[in-house]
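User: Can you walk me through this one? I'm new to reading structures.

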Amino acid sequence: MNLELFFYLLIFPGFLFTAILGLTVGWVDRKVSARFQYRVGPPFFQNFNDFFKLLGKETIIVKDGVRSMFVVAPFISFAMLVLVSAIVGTSLFFNISFGGDLIVIMYLLMIFSVMVVLGGSASGNVYSSLGAGREIKLLLADELAFILVLLVPIIKSGYQLDLGNILAAQADGMFVSSASGIIAFIIGLLCIQAKMTLPPFHIPEAETELVEGPFMEYSGPPLGFWKLNHFMMYVVFPFLLVLLFWGGFNFNGIEILWSVLKYLLIVVLMIIIKNTNPRIRIDTALNFFWKYATPLTLIAVVLAVFGY
Amino acid sequence: MDKNVIPVGPYHPLLEEAEYFTLQVDGETVVDIDLEIGWMHRGHEFISESKTFTQSLYLVERICGICSTSHPLAAVHAMEDVDNIEIPLRARYIRTLVGELERIHSHLLWLGLAGHFIGYDTLWMWAWKYREPVLQMFEIISGNRNHYGMMRVGGVAKDVDPDKIKSLLDIMDEIEKKIQMIAKAANDDPVLKSRLKGVGVLTKKDAVDFCAVGPTARASGVSVDVRKDEPTDAYDLVDFKIIVTENGDVFDKTVVRLLETFESIKICKQCLEKLKTVNGGIRNNVKEISAGEGIGRYEAPRGEVFHYVRTDGTNRPVRHKVRAPSYVNIPTFKASCKGIPVADALITLAAVDPCYCCTERSIKIRDKNNEPYQLDLMKLSREKTEQIRRQMK
């Protein structure tokens with residue numbers, strides 16, 4: 001153990017950086033969504049205020065259900081996201097491997113979804129358990145497509161699992177510029193929308209049906225951490241996409257602008273999808289991912305094998 | 001398999017008002033559904049009997065914030081029906097104008113809420129943004145945005161200022177363009193279509209069996225509209241058509257409401273044009289209403305609203321009965337919500353545009369054997385009053 005490790009994990013590009021950038025981008029999301037809808041939107045510090053206020057609020061723990069799981073779930077999922085952000089971030093910014101590759105990322109992200117399910121079903125509320133059930137179905141729906149999406153850059157980089165090597169393989173051309181890359185990128189964007197439970201895939205939370213679903217019984221700091229997790233995903237997932245398909249970031253001179261643009265473009269695409277779609281049913285989501293998205297990504301994988 | 005009960009209400013984001021649906025679910029499928037009412041009772045009918053005729057118009061206006069001109073309009077129809085009171089032509093046009101403006105704003109409000117219920121907040125905000133000019137028109141016409149206080153026995157309370165008619169027509173044109181834009185966007189959206197088509201179908205037979213009224217019935221192919229069936233006010237003088245579709249699903253209910261909005265705009269424009277030329281008084285001076293009975297009907301945005309008034313020659317009604325359209329529309333969930341997923345059932349519940357505070361007249365109580373039985377709240381409250389009176393003696 002050394003200080004560097006702690007720096008990577010807790011400050012940059014781990015917890016502190018991801019949290020602050022996430023809350024800021026969360027503000028961008030809320031502001032842009034508000035302008036979409038002819039509203040004014042919140043002030044810049046709103047997300048920070050909300051988070052710190054929630055930290056000081058009372059935590060009400062449900063009587064029925066599994067209390068320990070209920071409390072622990074948001075913090076475990078928070079730890080998972082910090083790890084993913086550290087792994088992705090160190091490859092992107094320092095070009096060093098932080099003891100993890102794509103397989104590890106896949107597992108960590110899956111644990112995050114499992115934690116949502118466990119935390120939701122631990123509360124013993126009927127809305128939460130329905131929401132948790134929907135979260136499992138959504139996970140089943142998007143996971144296969146997501147794994148296939150990750151396969152495309154692995155194949156294109158010559159069967160490399162290490163993030164640094166995938167980045168290095170894009171030195172003479174981003175993967176997104178190829179046929180398989182663009183298909184995988186678009187499906188990847190939709191998978192991320194589902195993993196973040198943003199519209200049209202906000203099926204587990206479904207405010208007007210399940211009243212926030214798995215998160216319904218949460219209050220105080222645990223709720224604060226769920227919210228923080230959500231905003232941190234605004235950093236983790238776009239960074240992952242930039243790394244896998246858009247050739248990472250470059251910080252030499254004018255290239256910084258291009259790097260920021262890449263990131264913002266993905267975020268804006270997510271916001272546009274979010275604001276122009278109603279919530280679909282869970283069976284429609286399964287249908288979409290299994291009937292259309294997965295076969296399409298499979299085609300992309302085959303194309304990648306043949307070098308397109 | 002276990003059957004779970006999902007409680008929707010009494011306080012739930014789906015419902016703007018307090019109401020309690022219990023959905024029995026098997027996994028995600030609704031197998032049975034029930035409604036428990038009695039959260040919103042405010043005793044309007046009883047209070048109305050202690051008010052004068054004019055005061056009771058203000059009272060029934062507050063039965064519902066959305067149909068706040070349908071109730072007074074049906075009530076004045078009922079009161080005028082007692083003595084067959086005629087009203088001036090100009091007042092008839094103004095009544096129709098206010099009634100149709102209300103339909104526009106109510107349908108837009110529903111469209112926005114429906115968007116919110118299916119998680120389409122952009123549609124929600126847009127629909128409500130374009131509802132705003134309608135409220136402005138109300139403010140120009142009556143001075144109020146929500147409770148207009150326009151109806152009087154024998155006419156209307158305020159005249160429409162002839163200088164304002166041009167600006168009103170301009171606003172009307174603007175609204176029409178915007179709603180056309182929304183209607184086109186909603187009609188072209190494939191995701192919206194796949195979400196609403198074939199969802200919560202109410203067949204024509206069920207619509208007739210449940211006596212459904214208004215857009216709920218018209219979406220199922222039942223052509224029923226008080227404005228055409230029994231025209232009052234200026235409805236026999238203006239040109240419009242009833243929108244009827246056949247499928248009875250949520251999408252058709254949306255289509256019916258959107259197309260009706262255009263018909264309402266057409267009627268409003270005709271009324272405004274007529275108001276330029278038709279002159280004369282706006283109110284006949286009605287000194288008293290003799291003893292008798294009267295019924296009043298009006299096609300509220302949600303369907304037919306019915307008022308019954310019995311008078312005894314004094315200046316207040318002896319009995320004032322209100323039947324709101326939601327009273328017959330809400331029970332259609334028994335036919336349309338069974339066997340469909342929860343996500344569909346909830347939008348189907350909202351698709352009849354239920355208004356619970358209009359509806360509630362009775363309370364459901366369970367006796368010692370846990371069997372539900374109905375009790376007349378009016379009877380209960382009178383017994384209670386008698387009891388108190390006896391105690392005070």
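This is a predicted model: local features need pLDDT of at least 70, side-chain atom pairs count only at pLDDT 80 or more; totals for chains, interfaces and linings use all residues.

User: OK. How many helices and strands are in chain A?

Analyst: Chain A has 12 helices and 0 strands. Here helices (H or I, at least four residues) and strands (E, at least two) are DSSP runs, numbered from the N terminus.

User: And what box do its C-alpha atoms fill?

Analyst: The C-alpha atoms of chain A fill roughly 55 × 45 × 45 Å along the principal axes. A compact globule of 308 residues would have a radius of gyration near 19 Å, and chain A agrees because its value is 19 Å. That radius is taken over C-alpha atoms, and the globule rule is 2.2 Å times the number of residues to the power 0.38.

User: At what angle do helix 6 and helix 8 of chain A pack?

Analyst: Helix 6 (residues 126-156) and helix 8 (residues 179-195) of chain A pack at about 145 degrees, with their axes 9 Å apart. Axes are lines fitted to C-alpha atoms, for helices over the stretch in contact, and angles run from 0 to 180 degrees between N-to-C directions.

User: Which residues meet there?

Analyst: Among them are A:Leu138, A:Phe146 and A:Val149 from helix 6 of chain A, and A:Ala184, A:Ile187 and A:Cys191 from helix 8 of chain A. Contact means that the C-beta atoms, placed from the backbone, lie within 7 Å. The residues of this helix 6 and helix 8 contact in chain A divide into 10 nonpolar, 3 polar and 3 charged. Ala, Val, Leu, Ile, Met, Phe, Trp, Tyr, Cys and Pro count as nonpolar, Asp, Glu, Lys and Arg as charged, and the others, Gly among them, as polar.

User: Now the two chains. How many residues does each give to the contact?

Analyst: Chain A gives 23 residues and chain B gives 24 residues. On the side of chain A that touches chain B, helix 6, helix 9 (207-210) and helix 12 (282-305) of chain A each supply at least two residues. Helix 9 of chain A gives the most, with 3 residues. That side of chain A divides into 11 nonpolar, 7 polar and 5 charged residues.

User: What about chain B, how many helices and strands?

Analyst: Chain B comes to 16 helices and 10 strands. Its C-alpha trace spans about 70 × 65 × 35 Å along the principal axes.

User: Which strands make up the open sheet of 3?

Analyst: The order is 6-7-8 in chain B, with antiparallel pairing. Two strands pair if DSSP finds at least two bridges between them. Strand 6 (292-300) and strand 8 (317-323) of chain B each have a single partner strand, so one side of each has no neighbour in the sheet. The twist averages 15 degrees from one strand to the next.

User: How are strand 6 and strand 7 of chain B joined?

Analyst: The antiparallel strand 6 and strand 7 (residues 303-311) of chain B are joined by 9 bridges, and a hairpin connects them through 2 residues. B:Arg297 stands opposite B:Phe306, and B:Gly292 stands opposite B:Thr311.

User: Which helix lies across those two?

Analyst: Helix 3 (residues 70-83) of chain B, which runs at about 150 degrees to strand 6 of chain B.

How values were computed: Residues are numbered from 1 along each chain as its sequence is written. Chains are lettered from A and ligands numbered from 1 in the order in which they are written.
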